[in-house]
Amino acid sequence: MLEAQSKLKLAVAEAQADKDQQLSSQLEATIPTITTFGENLENAGEGIMKGKSVAQIGEYLIKCGEDMEILSGHVSGYAPELNDSVTATQRLVFASERMKDAGYELTGTNKADSDKPKGKGWIKG
C-alpha cells in the first residue's frame, strides 16, 4: 500500500502536468484512503506477528474492509464509462465485504445476527 500511495502521488503530479485538474483532484482524494488502508493492514499483520488478540486483529480487518469500500467509490469515479472501471469497482466491493466478514468472525461479531430483529420483532401484522 505504501507503493500504491507513492504511485498515486506520481499520478497526481502527471495529471497536474497534463492540466487535468479533475483527475488530479480525484487521485489526490484517494491518497488518505490508501494510507489508512495500508496502516490498518500493517497493524493487522503486526498483530499476527506479535501475538495480539484475535479480536484486535479482526478490528483491523474490519477497518481495512471499510477503507476498501471507500476506495471502490474512488475507483468508480476515475472512468465510470469504462468496463474495466466497473469491474475493478465490483471486485473491490466484493473483497471489502469478504475482509469485513473475516473481521467479524475474528471479533466474534456475527453481522447477519446484528441485522436480524430481536425478540418477536420478526412477526408482522
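How many helices and how many strands does the protein chain have? The protein chain has five helices and zero strands, where helices (H or I, at least four residues) and strands (E, at least two) are DSSP runs numbered from the N terminus.

**Figure 1. Overview of the predicted protein chain.** This is a predicted model, in which local features need pLDDT of at least 70 and side-chain atom pairs count only at pLDDT 80 or more, while totals for chains, interfaces and linings use all residues. Residues are numbered from 1 along each chain as its sequence is written, and side-chain values use heavy atoms, with hydrogens and water left out. Along the sequence, the pattern of the protein chain reads α-α-α-α-α. Of its 125 residues, 30% count as buried (buried means under 20% relative accessible area, exposed over 50%, and partly exposed in between, with a 1.4 Å probe and protein chains only). Among contacts (heavy atoms within 4.5 Å) between residues at least 6 apart in sequence, 62% join residues at least 24 apart.

**Figure 2. Close-up of the packing of helix 1 and helix 2.** The two helices pack at an angle of about 165°, and their axes are 9 Å apart; axes are lines fitted to C-alpha atoms, for helices over the stretch in contact, and angles run from 0 to 180 degrees between N-to-C directions. Helix 1 is therefore roughly antiparallel to helix 2 (angles under 35 degrees count as roughly parallel, over 145 as roughly antiparallel, 65 to 115 as roughly perpendicular and the rest as oblique). Helix 1 passes helix 2 in a left-handed crossing, a term for a near helix turned anticlockwise from the far one by less than a right angle, whereas clockwise is right-handed. Helix 1 contributes Ala 4, Gln 5, Leu 8, Lys 9, Ala 11, Val 12, Ala 15 and Gln 16 to the contact, and helix 2 contributes Leu 23, Ser 24, Leu 27, Glu 28, Thr 30, Ile 31, Ile 34 and Thr 35. By class, the contact of helix 1 with helix 2 comprises nine nonpolar, five polar and two charged residues (Ala, Val, Leu, Ile, Met, Phe, Trp, Tyr, Cys and Pro count as nonpolar, Asp, Glu, Lys and Arg as charged, and the others, Gly among them, as polar).

Figure 3. Most residues other than glycine have a negative phi. Lys 19, although not a glycine, has a positive phi of about 60°. With 75% relative accessibility, Lys 19 counts as exposed.

**Figure 4. Close-up of the packing of helix 2 and helix 3.** The axes of helix 2 (residues 21-50) and helix 3 come within 9 Å and cross at roughly 160°. These two helices are therefore roughly antiparallel to each other, and their crossing is left-handed. The contact of helix 2 with helix 3 holds 15 nonpolar, nine polar and two charged residues. Leu 41 lies in helix 2 and is partly exposed, with a relative accessible area of 35%. Leu 41 and Leu 61 are separated by 20 residues in sequence and by 7.0 Å in space, C-alpha to C-alpha.

**Figure 5. Close-up of the packing of helix 3 and helix 4.** Helix 3 (residues 54-78) and helix 4 (residues 83-107) have axes that come within 7 Å and cross at roughly 165°. Helix 3 and helix 4 are therefore roughly antiparallel, and helix 3 passes helix 4 in a left-handed crossing. The residues of this contact divide into 17 nonpolar, nine polar and four charged. Thr 89, found in helix 4, is buried at a relative accessible area of 15%. Not counting residues up to four places away in sequence, Thr 89 touches Ser 72, Val 75 and Ser 76.

**Figure 6. Close-up of the largest nonpolar core.** In soluble globular proteins, nonpolar side chains tend to be buried together. A nonpolar core is a set of buried Ala, Val, Leu, Ile, Met, Phe, Trp, Tyr and Cys residues joined through side-chain atoms within 4.5 Å. Of the 16 residues in the largest such core, Leu 8, Phe 37, Ala 44, Met 68, Leu 71, Leu 92 and Met 99 touch the most other members. Helix 1 (2-17), helix 2, helix 3 and helix 4 are the elements that give two or more residues to this core, and helix 3 gives the most, with seven. Leaving aside neighbours within four places in sequence, Met 99 is in contact with Phe 37, Leu 61, Cys 64, Gly 65 and Met 68.
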